[in-house]
Amino acid sequence: MTNPDQPQSKEPGQQVLERLRDLERRPVEALVLYQARRLETLLRHARQTVPFYKDRLDAVFDADGTLDLSRWQDVPVLARQEAQEHAEHLKATMIPADAGNALPDRTMGSGGSPFHFIRSLAAVAADAGNTLRIYLDHGFDLNARLCDIRLDVSGNSSWPEGSTRKAWTHGEGTGDYALLDINTDTDKQVEWLLRCQPRSLFTWATNARRIALELERTGRSLPLTSIATSAEPCSQAVHDDLRRVFGLDPVDILGAREIGIVAFPCNHSPLHHFAAESAFLEVITDEGKPAGPGETGRIVATGFYNFHMPFIRYDLGDYVTLSDRPCGCGRSLPAISKIHGRARARFSTAGGRKIFPDVPEAELDAVMKPCAWQIAQTGIGALEIRVDGLDLRQVEAQRPRLAEILETGLDEPVSFTIVEKSLQPGPGRRKHESFRNEIG
Ligand SMILES: [Zn+2]
């Protein structure tokens with residue numbers, strides 16, 4: 001039977017969007033009820049048809065099959081590595097008709113080997129609606145070209161041509177869509193962009209920054225009216241450079257290929273909202289408890305519409321701080337005040353805490369060349385500053401200034417060495433990490 005609340009596999013983005021517009025402004029209680037219904041459908045399906053979940057969801061089911069979501073916290077969190085190892089058992093043996101076809105996809109898994117997974121077309125349709133909401137809310141010109149520079153696993157979007165499609169993913173507007181694999185040198189990306197003349201650019205946050213700096217360095221420009229970023233933390237330094245070069249603020253989107261869009265920036269405030277109509281998104285502290293308003297934790301996601309390969313309590317590893325006040329825009333979707341990045345971007349203090357460093361990147365840039373440094377924590381109170389393409393003696397001469405910046409941002413004294421290391425993105429590109437905890 002078709003569920004009127006569920007994105008249908010062949011539904012255009014516009015129709016999904018209308019449902020999102022309705023859901024996002026329902027009272028919180030109605031949203032919670034909606035989520036509970038979506039969860040119930042998914043959990044029953046997973047328990048009956050997905051071998052991996054046969055017993056794993058027992059905590060929330062009574063002996064007579066009654067679902068009790070008050071015990072939801074007892075359902076084990078699914079780590080990425082675990083999902084990758086059990087990929088075959090995560091596949092459903094039967095699929096509801098309105099889930100649509102299976103779409104194979106893959107992402108870079110842990111340890112550098114690709115994680116092959118499946119998404120239902122219904123989940124992709126939900127994502128198209130979410131994407132359209134973001135583009136419309138933030139004034140993207142859907143009738144002009146969008147250039148997207150991301151990891152292209154198909155191998156069909158290499159420089160110099162990249163690949164083009166007639167329409168953006170949500171199918172609205174008359175603008176076309178051009179894709180280039182991010183494993184392309186920055187100067188070649190810029191050359192491609194100058195040929196494509198897009199109005200909108202979508203790429204990883206530090207890649208957008210590299211493009212901006214390369215355009216600035218070579219005295220060229222692009223007629224951009226919108227920039228969307230994802231995949232990496234969109235730091236203040238990224239914001240500052242994009243604003244200076246393009247006069248634009250990036251629209252920073254948090255997502256995961258296995259789940260889809262997770263959080264999007266509000267168009268009325270500096271907060272982000274969870275895309276809570278398409279996934280059940282929890283924020284849990286390191287103690288495993290739900291984070292409250294103003295608290296920081298990592299996101300655990302359950303996508304509602306992937307019936308081919310359900311990800312239930314899937315640990316995304318991204319840390320966020322929940323807003324301590326509701327957003328003034330009228331949406332009842334949970335609000336996030338800060339997106340921090342992955343666990344590995346946390347600094348281990350001498351007191352045993354883990355904190356996201358509040359180190360001003362722009363000040364470090366002033367000492368070291370932009371995008372050509374990385375700070376690694378190698379022990380308690382010990383850092384390694386890696387620089388690329390700079391005279392080490394020049395950086396050494398700035399040691400007192402570096403110490404001052406680091407100790408202010410980390411709130412405790414640290415010792416550090418300065419070493420030369422290649423930080424240029426090469427083939428098999430990984431996400432850039434300004435700060436990286438490497439304590440074994
Ligand atoms: Zn808002």
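This is a predicted model: local features need pLDDT of at least 70, side-chain atom pairs count only at pLDDT 80 or more; totals for chains, interfaces and linings use all residues.
Which exposed residues does helix H1 carry on the face turned away from its buried side? They are Glu18 and Asp22.

Let's start with the rest of H1, which spans residues 13-23. Its buried residues are Gly13, Val16, Leu17 and Leu20. Viewed down the axis of H1, these buried residues fall within an arc of 105°, so they line one face of the helix. That buried set packs against helix H4, residues 121-137, while Glu18 and Asp22 sit on the face turned away from it.

How do the two helices meet? The axes of H1 and H4 come within 8 Å and cross at roughly 75°, which means that H1 is roughly perpendicular to H4. On the H1 side, the contact is made by Gly13, Gln14, Val16, Leu17 and Leu20. On the H4 side, you will find Ala125, Ala126, Ala128, Gly129, Asn130, Leu132 and Arg133. Sorted by class, the contact of H1 with H4 has seven nonpolar, four polar and one charged residues.

## Helix H5 against H6

Next come H5 (residues 186-196) and H6, which pack at an angle of about 80° with their axes 9 Å apart. H5 is therefore roughly perpendicular to H6. In H5, the residues that take part are Thr186, Asp187, Gln189, Val190 and Leu193. They meet Arg210, Ile211, Glu214 and Leu215 of H6. This contact of H5 with H6 divides into four nonpolar, two polar and three charged residues.

## Helix H6 against H7

H6 (residues 205-218) also has H7 (residues 236-246) as a partner, and here the axes come within 9 Å and cross at roughly 40°. The two helices are therefore oblique to each other, and H6 passes H7 in a left-handed crossing. The H6 residues in this contact are Ala205, Thr206, Ala208, Arg209, Ala212, Leu213, Leu215 and Glu216. Their counterparts in H7 are Val238, Asp241, Leu242, Val245 and Phe246. By class, the contact of H6 with H7 has nine nonpolar, one polar and three charged residues.

Which residues of H7 are buried? They are Ala237, Val238, Asp241, Leu242 and Phe246. These cover an arc of only 125° around the axis, which puts them on the same side of H7. The buried residues of H7 pack against H6, strand E7 (226-230) and helix H8 (361-367).

The face of H7 turned away from that buried side carries the exposed residues Gln236 and Arg244. Just after the helix, Gly247 takes a positive phi of about 70°.

## The loop between E13 and E14

The loop between strand E13 (296-303) and strand E14 (314-322) holds His308. Is His308 buried or exposed? His308 counts as buried, because it has 24 C-beta neighbours inside 10 Å and the cut-off for a buried residue is 20 or more. Setting aside neighbours within four places in sequence, His308 is in contact with Lys91, Ala92, Ile95, Ala99, Ala102, Ile118, Arg119 and Ser120. Ile284 is 24 residues from His308 along the chain, and the C-alpha atoms of the two are separated by 26 Å.

Arg313 is found in this loop between E13 and E14 too. Arg313 has a positive phi of about 55° although it is not a glycine. With 19 other C-beta atoms within 10 Å, Arg313 is partly exposed.

Asp411, in the loop between helix H10 (399-410) and strand E20 (415-420), is another non-glycine residue with a positive phi, near 65°. Asp411 counts as partly exposed, with 13 C-beta neighbours inside 10 Å.

Finally, take a look at Pro160, which is placed in the loop between strand E3 (146-150) and strand E4 (163-165). The peptide bond that leads from Trp159 to Pro160 is cis, with omega near 15°.

Note on methods: Residues are numbered from 1 along each chain as its sequence is written. Axes are lines fitted to C-alpha atoms, for helices over the stretch in contact, and angles run from 0 to 180 degrees between N-to-C directions. Helices (H or I, at least four residues) and strands (E, at least two) are DSSP runs, numbered from the N terminus. Angles under 35 degrees count as roughly parallel, over 145 as roughly antiparallel, 65 to 115 as roughly perpendicular and the rest as oblique. A crossing is left-handed if the near helix is turned anticlockwise from the far one by less than a right angle, and right-handed if clockwise. Two residues are in contact if their C-beta atoms, placed from the backbone, lie within 7 Å. Ala, Val, Leu, Ile, Met, Phe, Trp, Tyr, Cys and Pro count as nonpolar, Asp, Glu, Lys and Arg as charged, and the others, Gly among them, as polar. A residue is buried if 20 or more other C-beta atoms lie within 10 Å of its own, exposed if 12 or fewer, and partly exposed in between; C-beta atoms are placed from the backbone. The arc is that of the directions from the helix axis to the C-beta atoms.
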